[in-house]
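Here is a brisk report on salt bridges. Look through the structure, then read on.

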There are 6 protein chains.
Amino acid sequence: MSKTAKPTALDIPMMDPLPEDTQRYFDICVEKLGMVPNVLKAYAIDEAKLNAFTALYNDLMLAPNGLSKLEREMIAVVVSAINKCFYCLVAHGAAVRQLSGDPKLGEMMVMNWRVAELDARQTAMLAFSEKMTMASCTIDESDRQGLRDVGFSDQDIWDIANVAGFYNMSNRVASATRMQPNDEYHAQAR
Amino acid sequence: MSKTAKPTALDIPMMDPLPEDTQRYFDICVEKLGMVPNVLKAYAIDEAKLNAFTALYNDLMLAPNGLSKLEREMIAVVVSAINKCFYCLVAHGAAVRQLSGDPKLGEMMVMNWRVAELDARQTAMLAFSEKMTMASCTIDESDRQGLRDVGFSDQDIWDIANVAGFYNMSNRVASATRMQPNDEYHAQAR
Amino acid sequence: MSKTAKPTALDIPMMDPLPEDTQRYFDICVEKLGMVPNVLKAYAIDEAKLNAFTALYNDLMLAPNGLSKLEREMIAVVVSAINKCFYCLVAHGAAVRQLSGDPKLGEMMVMNWRVAELDARQTAMLAFSEKMTMASCTIDESDRQGLRDVGFSDQDIWDIANVAGFYNMSNRVASATRMQPNDEYHAQAR
Amino acid sequence: MSKTAKPTALDIPMMDPLPEDTQRYFDICVEKLGMVPNVLKAYAIDEAKLNAFTALYNDLMLAPNGLSKLEREMIAVVVSAINKCFYCLVAHGAAVRQLSGDPKLGEMMVMNWRVAELDARQTAMLAFSEKMTMASCTIDESDRQGLRDVGFSDQDIWDIANVAGFYNMSNRVASATRMQPNDEYHAQAR
Amino acid sequence: MSKTAKPTALDIPMMDPLPEDTQRYFDICVEKLGMVPNVLKAYAIDEAKLNAFTALYNDLMLAPNGLSKLEREMIAVVVSAINKCFYCLVAHGAAVRQLSGDPKLGEMMVMNWRVAELDARQTAMLAFSEKMTMASCTIDESDRQGLRDVGFSDQDIWDIANVAGFYNMSNRVASATRMQPNDEYHAQAR
Amino acid sequence: MSKTAKPTALDIPMMDPLPEDTQRYFDICVEKLGMVPNVLKAYAIDEAKLNAFTALYNDLMLAPNGLSKLEREMIAVVVSAINKCFYCLVAHGAAVRQLSGDPKLGEMMVMNWRVAELDARQTAMLAFSEKMTMASCTIDESDRQGLRDVGFSDQDIWDIANVAGFYNMSNRVASATRMQPNDEYHAQAR
């Protein structure tokens with residue numbers, strides 16, 4: 001994507017020039033990822049919006065907690081598959097392939113996570129995320145207890161719920177605005 | 001709710017003592033709203049999580065933009081009605097009643113927004129939010145154009161999408177953790 | 001609603017003058033409820049239709065049987081919430097608030113009955129009504145036995161089925177004709 | 001069905017002896033239909049319940065109005081097909097075959113009414129009944145206008161809505177109680 | 001159906017003259033069934049297509065295997081009822097009536113197979129076929145084990161899956177092309 | 001997959017030795033594709049079953065007709081995405097990547113075909129296939145006319161319907177039996 005291409009179908013100008021902090025953040029992205037993910041360009045229409053999004057994202061996906069980074073990416077992909085969000089399936093599918101070193105696992109998360117025959121912990125985690133996505137109003141104590149039964153703490157349940165919730169937000173924003181994933185993702189970690 | 005009652009079904013201790021900034025924020029809530037909304041207590045298990053949540057919430061719901069505060073609350077309730085989120089219906093239903101001065105409007109948003117016979121602008125805004133909630137993967141350019149046709153700018157579309165997206169996150173977090181709304185909401189603005 | 005306002009979107013004249021029995025019935029409504037519910041005005045286009053409707057309604061909702069009046073109103077609201085019937089949610093939501101003296105219970109029935117954490121009897125009663133509303137063709141002996149297991153007699157099951165069935169009729173008639181609830185309901189028993 | 005066989009899965013005794021009026025009504029059924037329909041036996045547990053049901057049924061299905069008796073039976077079958085109610089499909093499918101003299105029409109109503117290629121009037125009538133059954137909360141003025149456009153009066157719309165509503169009630173009562181249709185229906189008018 | 005009437009809504013000429021083998025096959029149909037089923041006329045636009053279809057059909061429905069012919073027809077009707085395929089419901093509903101000698105069984109399969117109160121083997125077989133039709137991606141080892149538990153071999157499971165799969169194909173082809181069943185079926189075995 | 005590994009979760013022995021024709025067919029697969037697709041091994045439990053499957057497959061997917069091979073594979077993937085069939089998404093997703101030389105197109109078909117912004121012909125073709133998969137009973141003449149309007153002949157409509165129908169069969173057989181795709185597909189044409 002060229003510097004001037006729009007990351008979504010909406011015609012909203014990116015901040016220009018970028019604030020210093022934003023420029024530094026984007027430089028780090030290029031250095032580490034080889035690109036600035038389009039979702040960041042999309043939010044870079046306003047500093048408060050970009051910072052609010054990245055603060056939430058970084059806490060949920062990168063801060064140390066009881067879930068591995070791979071597990072959080074697995075939740076991201078399973079939620080995105082239900083919502084059929086092209087942006088998130090491409091970007092986070094690549095993350096699952098990279099973090100796991102298992103391209104087939106990434107494909108399973110995208111296509112039908114139940115074929116993966118995961119262990120009890122990850123199965124419960126993904127089933128909870130799936131139920132949150134499809135029928136959150138039916139979740140009750142037995143669902144939370146099911147997570148505790150396979151070893152998750154109440155803090156872990158909070159974290160699972162917030163990651164699954166987050167992608168139910170970002171999937172919808174991406175689809176509603178036709179956000180386009182960077183082409184670089186497709187060939188990564190195949 | 002007493003000071004020690006849990007805001008959700010999860011057993012996670014609130015920060016104790018609260019950081020100074022958080023305490024000040026909660027004091028303002030009590031002063032202005034007569035209570036600390038339980039969603040804030042729920043996130044007050046960790047300063048980074050609370051701040052990320054409130055930064056996003058405040059930008060979306062309170063910062064000046066092309067949508068009125070009432071319109072944003074109407075989106076909140078319509079999304080929450082589809083997801084049947086008790087917490088958000090109670091809290092944001094009260095907000096619609098208060099901001100509009102029309103208790104019946106609040107009930108319509110909760111029960112079936114289509115009976116309200118709104119003008120073309122608000123009808124388009126809520127129909128888009130509904131579609132984002134129920135089938136975001138089917139949104140296409142004609143849906144965005146429909147918003148432009150009733151006067152929304154592309155920046156407004158971004159804001160509508162982000163408000164509707166946000167409640168698709170918070171509805172699910174609230175339902176997944178059995179977050180309880182403060183009792184004070186029920187009688188407000190009836 | 002003024003005397004001449006239409007109770008639905010249909011242009012059908014009310015009987016004029018009202019038959020003596022109907023006039024007496026409406027006078028009693030005004031005396032006891034402070035209004036004539038619009039559903040009665042809607043059926044008052046024909047004496048046979050009005051009498052058939054009220055005879056069925058009165059037997060189901062008011063005649064002594066194994067269900068309390070509150071329980072029957074709870075079924076009414078839970079069914080109406082699934083069908084998103086504005087008329088019935090407003091009118092019967094008010095009835096739940098009044099009969100229970102618990103405004104929050106009324107809100108829970110409207111918004112998501114499962115958050116109410118009812119006892120086993122009422123949970124089974126509402127789960128059966130919900131299943132009848134959403135997928136009646138899948139009800140089998142185990143569902144009926146589930147009601148017997150929490151103490152309902154076969155006569156009670158008949159009564160639950162007929163109340164739940166009735167609101168699946170009246171919800172649809174109300175929505176199909178745009179029946180408007182009397183404004184008085186909104187503020188009642190808050 | 002023998003005199004003592006139960007018409008439903010519920011163990012509730014029929015009135016014994018039958019009230020004089022009920023006995024006369026049942027005698028007429030035997031004379032005209034060759035049987036007492038099991039739905040009447042099911043309601044014959046209580047005189048008020050039976051009379052309320054039959055008064056409503058007779059007004060809707062037999063009293064003169066702007067719909068032919070065949071059209072009302074077609075609505076009955078289309079609604080019952082969506083709800084997969086065995087009792088009503090058997091009994092009213094037979095009625096469509098008899099009233100139309102066209103066995104294939106009865107089968108089409110049971111299996112997929114859209115294959116019948118009906119005229120605009122009956123197509124609109126059944127499409128409205130279908131929408132009332134599947135998503136009544138989405139019906140709006142354009143749906144009612146669609147019926148007016150093919151010649152229905154507002155009184156006719158009321159009647160269509162009440163017939164479609166009625167079978168949404170009786171389908172659910174029949175399925176919830178496992179009501180069994182009389183075997184005589186199966187071979188009728190083939 | 002006259003020789004020149006089209007078996008579907010598509011305007012594609014039948015092979016003319018028919019290849020010798022096809023003519024012989026059609027002659028046998030007339031001799032044994034009193035008609036050439038329209039599905040065969042529909043595929044008789046091309047010899048390779050007709051032969052591929054009939055080879056698959058004959059292997060699945062007629063070759064000896066662990067399922068009775070009646071059981072295979074029961075699967076056909078249950079799948080077709082979910083897909084609301086008029087052609088297959090008419091043709092295979094007649095087959096269930098004929099093979100079972102029980103017209104009511106045919107009606108039950110068409111209308112709501114669960115009212116039939118079948119034995120454990122046939123209930124498991126039809127529940128598996130139903131799940132394959134409605135949500136095949138959720139089938140797992142417990143579903144297959146459920147079939148083994150009532151006596152089916154792994155070869156039988158293969159055959160059940162292939163019959164249920166086949167009607168999910170042919171239902172869709174028939175509905176998509178408006179394939180019309182021969183009128184002779186309606187009155188058969190009533 | 002080693003020679004003795006099972007292609008599905010069912011324990012059914014492959015023909016041993018393979019019939020001469022089958023062995024030749026498998027040898028050609030190895031020569032051309034570098035593997036024997038597991039679906040062929042799965043059907044190689046019986047010569048009649050294997051031949052019926054391959055005859056139908058070869059006619060639909062390989063014989064010359066008005067659809068390009070890529071178009072047929074696009075239908076295969078779109079249908080398989082709705083049914084969430086892991087086997088078919090992997091195998092036919094690879095085919096779309098190979099035939100188109102466009103890895104991103106393959107991902108779009110798997111994840112959400114509507115993001116691909118195809119021309120009117122292919123959009124109509126895939127929308128028809130999608131409707132056939134999700135609600136075939138609602139297809140009517142306007143849907144067929146929609147295909148004619150973008151240039152498809154009635155013969156093409158027959159072919160589209162049969163390809164879409166075929167994957168509604170094979171998706172279900174694959175999911176019901178836990179058919180595993182060959183690992184070779186994952187890295188192909190990335």
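Over all chains, 84 salt bridges are counted. The model behind this count is predicted.

| Pair | N to O distance |
|---|---|
| Glu107(C) and Arg190(C) | 3.1 Å |
| Arg144(C) and Glu141(C) | 3.0 Å |
| Asp21(F) and Arg24(F) | 3.3 Å |

**A link between distant parts**

Take Glu107(C) and Arg190(C), whose side chains form a salt bridge. This pair ties together distant parts of the chain. Glu107(C) sits in helix α6 (residues 103–111) of chain C. Arg190(C) lies in the segment after α9 (154–177) of chain C.

**A pair within helix α8**

Arg144(C) and Glu141(C) also meet through their side chains. Both belong to helix α8 (residues 141–149) of chain C. They are separated by about one helical turn, because they are three residues apart in that helix. Is Arg144(C) buried or exposed? Its relative accessibility is 1%, so Arg144(C) counts as buried. Glu141(C) has a relative accessible area of 36%, so Glu141(C) is partly exposed.

**A pair in chain F, and a network**

In chain F, the side chains of Asp21(F) and Arg24(F) make a salt bridge. Helix α1 (residues 20–33) of chain F holds both residues. They are three residues apart, about one turn of the helix. Arg24(F) is partly exposed, at a relative accessible area of 44%. Elsewhere, salt bridges with shared partners form one network of Glu107(A), Arg190(A), Glu107(F) and Arg190(F).

Note on methods
Residues numbered from 1 in each chain as written. Chains lettered and ligands numbered in written order. Predicted model: local features only at pLDDT ≥ 70, side-chain atom pairs only at ≥ 80, totals over all residues. Heavy atoms only, no water. Salt bridge = Lys/Arg side-chain N within 4 Å of Asp/Glu carboxyl O. Helix = DSSP H or I, 4+ residues; strand = E, 2+ residues; numbered from the N terminus. Buried < 20%, exposed > 50% of the residue type's maximum accessible area, 1.4 Å probe, protein only.
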